[in-house]
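The sequence and the model are shown first.

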Amino acid sequence: MNDTCKKCNFKFEKEPGFFFGAMFVSYALAVAEFIGVFVMSYFIFGLSLLVSFFTIVLSAILLSTLNYKVSRTIWIYLFFNSKVKV
């Protein structure tokens, strides 16, 4: 995609709200993952609170890149889907 329009020199860029909204989606995804990991590690596998905490930290590190991409995808889908009327 071009940075600017060749005819009118309009600058193409995403609005700042796009990134701000994706941040909220990323936060919601991370919280859901943390709760899921905690429930599985503490209640299902019976690990201690300390081990469960480190499991949550490890999952946060491993899933951070996935959350980054998925949250933007979910946000752009919600943003685009609300604008299109079929």
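## Nonpolar surface patch

Tyr27, Val31, Ile35, Val39, Met40, Tyr42, Phe43, Ile44, Phe45, Leu47, Leu49 and Val51 make a nonpolar surface patch of about 1200 Å². Such a patch is built from residues with over 30% relative accessible area and no salt bridge, where nonpolar side chains (Val, Leu, Ile, Met, Phe, Trp, Tyr) are joined within 5 Å and like charges within 9 Å. A salt bridge here is a side-chain nitrogen of Lys or Arg within 4 Å of a carboxyl oxygen of Asp or Glu. The accessible areas come from the Shrake-Rupley method with a 1.4 Å probe, and for residues only the protein chains shown count as cover.

Helix H1 (16-44) and helix H2 (49-83) are the elements that give two or more residues to the nonpolar patch. The largest share comes from H1, with eight residues. Helices (H or I, at least four residues) and strands (E, at least two) are DSSP runs, numbered from the N terminus.

The model is predicted: local features need pLDDT of at least 70 and side-chain atom pairs count only at pLDDT 80 or more, whereas totals for chains, interfaces and linings use all residues. Residues are numbered from 1 along each chain as its sequence is written, and side-chain values use heavy atoms, with hydrogens and water left out.

## Overall form

The protein chain contains two helices and zero strands. Its radius of gyration is 19 Å, well over the 12 Å that the globule rule gives for 86 residues, so the chain is more spread out than a compact globule. This radius is taken over C-alpha atoms, and the globule rule is 2.2 Å times the number of residues to the power 0.38. Along the principal axes, the C-alpha atoms fill a box of roughly 65 × 30 × 15 Å. Of the 86 residues in the protein chain, 15% are buried; buried means under 20% relative accessible area, exposed over 50%, and partly exposed in between (1.4 Å probe, protein chains only).

H1 has 29 residues and reaches 41 Å from its first C-alpha to its last, close to the 42 Å expected at 1.5 Å a residue. The expected span is 1.5 Å times one less than the number of residues in the helix. The buried residues of H1 are Phe18, Gly21, Ala22, Val25, Ala30, Glu33, Val37 and Ser41.

Just after H1, Gly46 takes a positive phi of about 70°. Gly46 is found in the loop between H1 and H2 and is exposed, at 57% relative accessibility. Phe45 lies in that loop too and counts as exposed at 60% relative accessibility. Leu49, in helix H2, is exposed with a relative accessible area of 53%.

The table lists C-alpha separations for pairs of residues.

| Residue pair | Separation along the chain | C-alpha distance |
|---|---|---|
| Ala22 and Tyr68 | 46 residues | 8.5 Å |
| Ser26 and Ile74 | 48 residues | 9.3 Å |
| Gly46 and Ser71 | 25 residues | 31 Å |
| Leu49 and Phe80 | 31 residues | 42 Å |

## Aromatic pairs

A pair of aromatic rings is described by the distance of the centres and the angle of the planes. Rings of Phe, Tyr and Trp (its six-membered ring) pair if their centres lie within 6.5 Å; planes under 30 degrees apart count as stacked, over 60 as edge-to-face and the rest as tilted.

The structure holds five aromatic pairs. In one of these, the ring centres of Tyr42 and Phe43 are 5.0 Å apart with the planes at 80°, so the pair is edge-to-face. Tyr42 is partly exposed at 31% relative accessibility, whereas Phe43 is exposed, with a relative accessible area of 57%. The rings of Phe53 and Phe54 have centres 5.5 Å apart and planes at 65°, so this pair is edge-to-face. Phe53 counts as partly exposed, at 46% relative accessibility. Ring pairs also link Phe38, Tyr42 and Phe43 into a cluster. Tyr42 and Phe43 are among the residues of the nonpolar patch.
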